[in-house]
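Subject: A structure for you to look at

Hi,

Here is the structure I wanted to pass on to you. Have it open while you read the rest of this email.

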Amino acid sequence: MSPAQSGSFVVLDMRVKKPLVSRKEDKNMKILVVGGGGREHAIIKSLLKSDKVEKIYALPGNGGIAMDAECYPIKATELDKIVEFAVDKKVDYAVVAPDD
């Protein structure tokens with residue numbers, strides 16, 4: 001069973017305008033943001049405002065994003081590597097923002 005099927009993390013598509021479900025037990029969350037442009041940087045800046053966020057990872061990120069999140073050189077099109085990374089880092093939520 002894949003991580004997505006088991007429910008170990010949630011992938012959000014920014015084209016779907018639905019907010020994250022807020023639960024009291026969602027503290028110290030690890031969030032993955034896929035992409036490396038201005039849109040992703042703005043998302044990361046907004047996520048950092050939450051006291052529920054412990055750590056943000058960005059794949060692949062960029063120099064500006066690296067000031068706010070841990071960046072790793074995995075492209076948005078490398079789906080197997082993204083899933084492996086998310087499982088390894090025990091990511092709670094993933095935001096996938098690129099158009100490609």
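Residues are numbered from 1 along each chain as its sequence is written, and side-chain values use heavy atoms, with hydrogens and water left out.

**Confidence**

pLDDT is the predictor's confidence in each residue, from 0 to 100. The chain has a mean of 81, with 73% of its residues at 70 or more. (Helices, H or I with at least four residues, and strands, E with at least two, are DSSP runs numbered from the N terminus.) Over residues 1–20 pLDDT stays under 50, and the model has 26 contacts for them beyond four places in sequence; a contact means heavy atoms within 4.5 Å. Where pLDDT is low, the predicted coordinates should not be read in detail.

**Around strand β2**

Strands pair if DSSP finds at least two bridges between them. β2 runs parallel to β3 (residues 53–60), joined by seven bridges, and Gly 35 has Pro 60 as its bridge partner in β3. β2 also pairs with β5 (residues 93–96), again parallel, over four bridges; there, Val 34 is partnered by Val 96.

**Aromatic rings**

How many aromatic pairs does a search of the whole structure find? Three. Rings of Phe, Tyr and Trp (its six-membered ring) pair if their centres lie within 6.5 Å; planes under 30 degrees apart are stacked, over 60 edge-to-face, and the rest tilted. Tyr 57 and Tyr 72 have ring centres 6.2 Å apart and planes at 55°, so this pair is tilted. Tyr 57 sits in β3 and Tyr 72 in the loop between β4 and α3 (79–88), 15 residues apart. Tyr 57 is buried at 4% relative accessible area, whereas Tyr 72 is partly exposed at 25%. Tyr 57 also makes an edge-to-face pair with Phe 85, at 5.3 Å and 85°. Tyr 57, Tyr 72 and Phe 85 form one aromatic cluster.

Cheers

Methods: Predicted model: local features only at pLDDT ≥ 70, side-chain atom pairs only at ≥ 80, totals over all residues. Buried < 20%, exposed > 50% of the residue type's maximum accessible area, 1.4 Å probe, protein only.
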